[in-house]
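Please read them with the structure open.

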Amino acid sequence: MAATLYSKVFDQHVVRELGEDQYQLFIGLHLIHEATSAQAFAMLRERGLKVAYPDRNVATVDHIIPTDDTSRPFADAQSEAMLSALEQNTGSFGLRFLSPERRENGVVHVIGAERGLTQPGLTIVCGDSHTATHGAFGALAFGIGTSQVRDVLATQSVIVNRLKVRRIEITGELAPGVSAKDVILYVIHRLGPKAGVGYAYEFGGPVVDAMSMDERMTVCNMVVEGGALVGYCNPDDTTFAYLHGRPSAPQGEEWDRAVAWWRSLASDPDAEYDDRVVFDGGEISPMVTWGVNLGQSVPVDGRVPGPAADAAGEAALADARTFMGVEAGQPVAGIGIDVAFLGSCTNGRLSDFVEVAEALRRSGTRVAEGVRALAVPGSQEVRAQLVERGLDKVFEAAGFEFRQPGCSMCIAMNQDRLNDGETAASSSNRNFKGRQGSPTGRTLIMSPLSVAAAAVRGAVADPREVFGISG
Amino acid sequence: MTAMVATQPLVTVSGTAIAMEGDDIDTDRIIPARHLKSLTFDALGTFVFEGDRQNAKAAGAVHPFDAPEHAGASVLVAGENFGCGSSREHAPQALHRWGIRAIAAVSFGEIFRGNSATIGLPCVLLTPEAAAEARAAITAAPAAEVTVDLETKRLRVAEHSWPVEINEALRRRFVSGTWDSLSTLAEGTQDAADLSRRLPYLNGWQAA
């Protein structure tokens, strides 16, 4: 019978039906980081439990790690305590820890893929909502809370509801200067920030088929900002080429058998979906958020909306405009920025930095005076490759601080944060009030290229114009 | 091995309520990330909606969680997509430790709803009309007794009431006091082991 990838992977992982559409689902890979796991390990100890499947659990440190001075002990005592706890917990429970000491660390959603841990057909969880990123490989990946982290450690399973599946097709092709980030911002803008509640999003169509794995990860990363728990792309030759030869990918005869299974998981051509939407990729421009949720975005040549036709809608828009200090009808281009942040699980991969470095080098542009610009690679591996190519020097010459890897200013749990009243152009994923560390800090979410353009101009600007990109 | 733990039945939650206007109230607002840097959940109640409360104070307004008439409230009524955003269990933990024992909303962020279930904080669904009416009733009479009843599946505000929805399997576990998720999952330990031997990535990539 024709089925979606979601159904096939879900069905193969059902341990037990718990009635009324609740299931005990087996978890193929559990990724752990320091910010949401300490209490889970403590709860295991309280109940005197062990980790049931230690080989299916891998940990790293990303949320709190400093990106400047990473020598131990960290200057911040709370951060040091969190890393120490993770080291002790992974040590005493016998779990693999990708450590800063051995330069194996990075943002958990960047290194999972990089190491080939992320594979098609897996169920993947992590105490982090951007776990959806791994769906780019045709995995069923989603974020969980700390009590569920405990549950997975103890039983390698969680209780879930079955989701509906919405197929999102992007047809045609993207214009030059338009990126995967713009695609997902556009999708969330069109569907709204809550349309995905109860759904998994399946991405397909010519634009998605032509995307690299880095780009597919950017798209799947942000489905949660559209309300969806899960986002995925069907595995194809691009997926297999990316995985081949990675440290944790199968090898030899096992590789061939793995690829055969992976291929069988792709949604069947005649699979039925609960909903289906089609967008023309050629219609998509570089997108910029102006508000406090990810639906509140416009093309870079657009204007801050308002007033809305209905009172409730206008109340929400007005609240966002007031917080962001913008006026209805104001062009988003020209909104001034104080900080430019390149990085995060959304856009902290090699191709993100290479694209920006090339644009900076080609155009000979520099960060505007008064703008604090951070380039924070998503992993040690990304950083090492950038250094090997000499691109760290390109960033530094252009006025960026080239940092050590971590979540950094996406969530501001280390020292990288906005001061009160500052505005950031950010390649991360959330523009929520207070997200970047100050209750009055403001965040404009955009693509890495658009962040670079804003850094250069000191204000939101069209990257195609700043860097001379034309079709 | 003490995977199994007993939990208290959760049948009704009664007390005063807080009505929150607006949709898409995200978990960064419910509990800012700086409070994720603690190794325990213990102190989180104090910091619920910290940034919003600070901003309200600076603007000369009073945030609902600071309003004297809502001190000690145990029910929260909200709009659409409440608890969207990050997976931090710290969000429901902060609300629960502040004193909230049940939340009724038009819809919830998926992970927030799951996290709330694991800590015994029922999230029930209202129609948009019921959510608007219930919030208006609470705002008009902040001292009114509000009840979320999982037996009859109703939200009551004084003499008014509206139906609520909740997954039936989860509702039964709440009402019977068997809502500890780890206890439920531990019952499937042998089934999980059997399944794991059939999964291609755990059996040397033999066909599924």
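1. Two strands are taken to pair if DSSP finds at least two bridges between them. The model is predicted. In it, strand 16 (residues 372–375) of chain A pairs with strand 17 of chain A in the parallel sense, over two bridges. Within this pair, A:Ala375 is found opposite A:Phe402 of strand 17.

2. The pair belongs to a wider arrangement. Chain A has an open sheet of five strands in the order 17-16-15-18-19, with parallel pairing. Its edges are strand 17 (401–402) and strand 19 (442–445) of chain A; each has a single partner strand, so one side of each is without a neighbour in the sheet. In general, the strands of a sheet pair through backbone hydrogen bonds, either parallel or antiparallel.

3. The next point is the contact between the chains. Chain A contributes 66 residues to it and chain B contributes 57 residues. On the side of chain A that touches chain B, the elements giving two or more residues are strand 1 (14–19), strand 2 (22–26), helix 2 (38–47), helix 3 (77–93), helix 5 (146–155), strand 8 (157–161) and helix 10 (252–265) of chain A. Helix 5 of chain A gives the most to that side, with seven residues. By class, the residues of the side of chain A that touches chain B are 26 nonpolar, 27 polar and 13 charged.

4. How do helix 6 and helix 8 of chain A pack, and at what angle? Helix 6 (residues 180–191) and helix 8 (residues 213–221) of chain A have axes 8 Å apart and pack at an angle of about 25 degrees. Angles under 35 degrees count as roughly parallel, and helix 6 and helix 8 of chain A are therefore roughly parallel to each other. The crossing of helix 6 past helix 8 of chain A is right-handed. Helix 6 of chain A makes the contact through A:Ala180, A:Lys181, A:Val183 and A:Ile184, and helix 8 of chain A through A:Glu215, A:Thr218 and A:Val219. Sorted by class, this contact of helix 6 with helix 8 of chain A has four nonpolar, one polar and two charged residues.

5. A last point concerns one residue of chain B. B:Thr189 lies in helix 8 (residues 189–198) of chain B. B:Thr189 and B:Ala140 are 49 residues apart along the chain, and their C-alpha atoms are separated by 51 Å.

How values were computed: Residues numbered from 1 in each chain as written. Chains lettered and ligands numbered in written order. Predicted model: local features only at pLDDT ≥ 70, side-chain atom pairs only at ≥ 80, totals over all residues. Helix = DSSP H or I, 4+ residues; strand = E, 2+ residues; numbered from the N terminus. Contact = placed C-beta atoms within 7 Å. Nonpolar A, V, L, I, M, F, W, Y, C, P; charged D, E, K, R; others polar. Axes fitted to C-alpha atoms, helices over the stretch in contact; angles between N-to-C directions. Parallel < 35°, antiparallel > 145°, perpendicular 65-115°, else oblique. Left-handed = near helix turned anticlockwise from the far one by under 90°.
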